[in-house]
Structure formats: C-alpha cells, structure tokens
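Reader: I have not looked at this structure before. Please take me through how to read a few of its features.

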Amino acid sequence: MSEHSPGTDLRRSAPPLIFESGSPGRSGFFWPEEKGEGGEKIPSELLRDDIPGFPELGELEVLRHFTRLSHLNYAIESQFYPLGSCTMKYNPKVNEVVARLPGFSSLHPLAPPELIQGALELLYELEEMLAEISGMAHVTLQPAAGAQGELTGLMVIRACLRERSNPRRKIIVPDTAHGTNPASSTLCGYEVVQISSSNRGMVEAAKVAEVMDEEVAALMLTNPNTLGIFEKNIQEIAEVVHKKGGLVYLDGANLNALMGIAKPGDMGVDVLHINLHKTFSTPHGGGGPGAGPVGVKSFLRDFLPVPRILKKDGSFVLREDFAKSVGRVRSFFGNFGILVRAYAYIISLGSDGLEEASRMALLNANYLRKKLEGAYQLAYPEPCMHECVFTDRLQQRHGVATLDIAKRLLDYGFHPPTIYFPLVVSGALMIEPTETENREILDAFADAMNSIAREAKEHPDLVKGAPYTTPVGRLDEARAARKPVLRWEPAKE
Amino acid sequence: MEYPEGLKFTKEHEWVLVEDQVAIIGITEYAEQELGDVVYVELPEVGEKIVKDDPFGAVESVKAVSDIYAPVSGTVVEVNDTLPDSPETINDDPYGDGWLIKVEMTDKDDLKDLMSAEEYAEYVEQQKAEEDGEEESEDEE
C-alpha cells in the first residue's frame, strides 16, 4: 500500500557525505616531489600540512559521488513540475541552440553599435513583439527579473507623477498579490495599502474606490491573479484609479494565460512587467538568470530606462539622451542570452502558436481542476485560468494537512505543487500544469492526488509520515529553520 | 481553545494584558495554531514607538511570515529576549512565556475598541463557522 510510484523512482538511498567517504592518504593525483627552496620563504605559521576533516578520495569515488548526487535532481526534463505561480513549462531546446550561436554568444558587450547590428535588431524586434503581445506602446528589456521589472515600472510611475508635480505616496496591493509587489513598492519609497479580495477571489472596484484617493500613485494588480482567477472587473477598477489620477500597474507574472487571447493594454493597464523566464520559456528554477521586461503606454515612454534602441535610416542606434528617463537599471542590455531565447520562442511558435500555448495552459489547469474537485476542496468555485487552488479542508477532518499531502506526493514520484500560497487560502495547494504536459501525465498526477485523498481518509497516519521512498524521510522543517546547521564540521574529539 | 479572562483581544489575533500604564502584548492561541511552528520572531527594540493598528513586528512559521499589529500606541519598555533563541515558546505558551513586548501606553482609550475574552471567543468561532459554511456549500455541489 505504501510503495506506489508510477512516476520517477525516487527510491534511492542517500549517498554518504563526501566528508564521510574516502580513507586517509587516498588521493586522485600525486604531487611532484618538492624541489628547490621556495617553500622555506613562506613563514612557517602560514603553512599547513592538513585541513581538518578534508575528504581524501580517489578520482572515481569523487566522480561517482557527484554523479549520484546529480541523479537526485528533479527537473522538468525528468518529470512533471506543477508548481503553481511558477509556470514550470518545458523550454524547447531550439532556444538553447539559437542562444549559443557564436554571433550571439561571442559578442563582446562593449562592442560598438555598428558591430552588433544583428543583436540590436533582435532586441528591437523583441521589444516590438512584446509590446504587441501585451498591448503596450513601448518596452524596455533591461530589468533582470520580475521583481526588478516591478521596481523599474514603479520608478517610471514615480518619475511621471513627479513631472506632473503630483508626487504621491501610496500603492494599493490586493491580498492575493505576490510578495514582491509590496516589497517593490516599499523599496521604491511607497506606503502599501492592502485590500482584500471578494469571496469569489477577485478584486472589486468598490473596494478599490474605498481606498483610492489623491495620494495613491498606483494600483498593482496581477491578472489572472494568484488564485488563477481572471480579474474580470479590471476595466472598471482601472477607471476608478484613473479618475483619481492614479496609474494601473499589471504584474504580468501570469501572462501565460493570456497570450494571443487578451492584451493587458486593452484593459486599462498603464505599466506592466513580463517574466520572460516564465511565459516566454526561458530557463528558470536553476538560479536564473531571468528577465523582466517592462511595457508602458505611450505617455510614459520618455521615462523608460536608457539606453534605448532606436531605428535610424535602417540601422540601430543606442541613445542615452532622454532627460526624463529613470536612468540605467541594469548593465549593458539586460540578460541578453535570455532575451535571445525568448525571441527564438516567440518566432518559433508564431502568433497562432502563442495563443494555442495559452489555451492549452488553461485547458490543462481546468482539466486537473475537474479531476480533483471531488477529492479536494476548491478554494473558490470560479473556473480557473492557468492554475487552480485547492485547500486541505476535507483532509483536515482526518488530521491530514497540505504539507502531508505534498510530502506524500514525493512517494508517487511527483514534485508537489506550491503549498501555503496564496496566503489568503488556508492550507493552499496551488497547481499549475502548464501547456507542455500531455493528458497521460495529467491523468497520472490526478490519480496520485486522488489516491492520496483516499489514503488521508483511510490511513491518515500513512500520509502524515510520508515520504518513505525518498533518500531522506520527513525533515524537521521547524528545527531546520530554528537551528540551521549550514556547514559540515569535523566531529570534535 | 483557551481565551483567558482579563485579556483584551484584536481582530488580528493579538492579546493585551494591562498593568497600570503598561500593556503586555502577545499573539493568541488561535493565531499560533493557524501559523504552525514558529521559527523566527522579529520585534522592535526598547525605546521604539509603536502605533495602534500598524505592524510592529513579524512572526515567521514554516508556512508564512505574518505581521503583528499594535493593539495600542506607545513606547516599547521591554522585549521578550528569550524568543530569538526559542521561538517555540510562542507555540508552547502563547498567553504566558510567549509574550512579545511590553509597551508604555500613550492613551488608554486605545483599549476601548478591543474585544473581551468572551467577544473574542465568539469572533474566532464565527471565523471557523464561516470556513465550515463554505465547506458545506461546496459539498452540496
């Protein structure tokens, strides 16, 4: 009953620590005999014969150690990765091939514009394509990731309001927002006003109107929001904000649900950022780098970061002479290699392909939603967009919590979904399958989840003790956070 | 669930024990249970001023980081300095050894709109019932 893994087999024993391996005197190579007197000139107190606890191993042992560790990695190339809010879609390898073309990968970042016309053309066209997809007038590619995009967008808003001699001090953020929204607002010197969503998981215009005043610089909204629900009041909300002289910022983190279907620019959005490493299929999850281009409506163009790429007489030039610009936000042109991958992705899918990708993302999420809704309680009954959020309320009756369900999924060979986020949902399980998974995988995942729901009812202790088949069992997360041991040290004698 | 008599409570699930001009502040048993294992506490320093309804610190559990809101305005006169080393005290004894700070109140009127133990117990039950209500309507579908 307990061993059951249709997915990847995680039943591998944990390799011993490298410090626990080897034998004194063993080595992967041998130093030549010391010759000459050089060593004597180094003061003896600075020389040491031994590093306490330093592992001593042969070459093959080292190779096996790290190869075994690498097999413990979980990757989209090996299994389904339904982390809600993260858009862990597959990144087609053709993007990697294109990014490695020597014409892109061997460019010197300080090369003069006349020698990098091809690269500038790519950036110029990517700006135009992202502007078209998002419905914005202009795009800057500089920000290095989503959060820096948020900061850049807010700096643009601040520069614009200052120019109008109307600097304001507050930003409205709904309670479903990514934590980066209030963080970016605070970093940009704004005070955050939080508003709560309705019992249908949406922001309501009336709620915005309650807190909207002449001191509010902008409202930051994510659409679809982190509950995977489309904020259908967005136009009405934008009107409320605009009427009082504020701007509307869209966190484009969930643009994967909208490509080719709807444009934020048409919804009253003035500024947005796009996470290329999510929607536009550039790698993420391995430490990046990401890319967080920012799009603006035409009245904000002059505040965009410099340098800007302009087309002049058929060639591309870099211009820094924009007096109102917020300045540079990133060295060179942003994370260029990532921008090349996003360009390749957009070109290879085309406009129809992008739309189909978004539609498949919506279909996959709703498919899982339907398959799981009997066994798990939905946080909100609304149809979902690209992700769906469940709670552990039905399982709580048997003393089983979200964390237990997540741990048990490991025994079934699946990476758990995002848990305990968004914060407005108690015991949230946030599932985002993305468009790159086929029906067989979705069915296998749903079977695993449904089977865990049955186990929670019939054998709650089994779920509460999971995982059993991973290299290490249930970790004491509270103790790890309270008393972290961050470094191996030799045992004291 | 315990609701000690004599304490005052907020909707954000903080409690206050008043001794003359000084308010001892902590988080309630309900808050501690909802949060789960507390792993880190961020508190102001002695001498800092806190403002009613504004966050004055944060508790971090394995699930999330939550702000702690000031039930009253005043100046911090003492901080529970055992918490950084043993944040689990908040889970073990939320109404006793798990207290957070002591504040010299600027205005005792701040206490007026806080809830009594009885009112707070009702408030918590109501919140739980709302959750259960949603659950039942879901079951009917």
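**A buried helix**

Author: This is a predicted model. Start with helix H11 (residues 402-411) of chain A: 10 of the 10 residues are buried, so the helix is largely enclosed by the rest of the structure.

Reader: How should I read "buried" here, and which residues of H11(A) are buried?

Author: A residue counts as buried if 20 or more other C-beta atoms lie within 10 Å of its own. In H11(A), the buried residues include Leu403(A), Ile405(A), Leu409(A) and Leu410(A), and also the charged Asp404(A), Lys407(A), Arg408(A) and Asp411(A).

Reader: What covers the buried residues of H11(A)?

Author: The cover includes helix H10 (393-396), strand E12 (418-419), strand E13 (429-431), helix H12 (439-458) and helix H13 (460-464) of chain A. H11(A) is followed by Gly413(A), whose phi is positive, near 85°.

**Paired strands**

Reader: Which strands of chain B does E6(B) join through bridges?

Author: In a regular strand the side chains alternate between the two faces of the sheet. Here, strand E6 (residues 55-61) of chain B runs antiparallel to strand E4 (residues 38-42) of chain B, joined by 4 bridges, with Val38(B) opposite Ser61(B). E6(B) also runs antiparallel to strand E7 (residues 65-69) of chain B, with 5 bridges, and Pro55(B) stands opposite Tyr69(B). A hairpin of 3 residues joins E6(B) to E7(B).

**Where the chains touch**

Reader: How many residues does each chain give to the contact?

Author: Chain A gives 9 residues and chain B gives 9 residues. On the side of chain A, the largest share, 4 residues, comes from H14(A). By class, that side has 5 nonpolar, 1 polar and 3 charged residues.

Key: Residues are numbered from 1 along each chain as its sequence is written. Chains are lettered from A and ligands numbered from 1 in the order in which they are written. This is a predicted model: local features need pLDDT of at least 70, side-chain atom pairs count only at pLDDT 80 or more; totals for chains, interfaces and linings use all residues. Two residues are in contact if their C-beta atoms, placed from the backbone, lie within 7 Å. Helices (H or I, at least four residues) and strands (E, at least two) are DSSP runs, numbered from the N terminus. Two strands pair if DSSP finds at least two bridges between them. A residue is buried if 20 or more other C-beta atoms lie within 10 Å of its own, exposed if 12 or fewer, and partly exposed in between; C-beta atoms are placed from the backbone.
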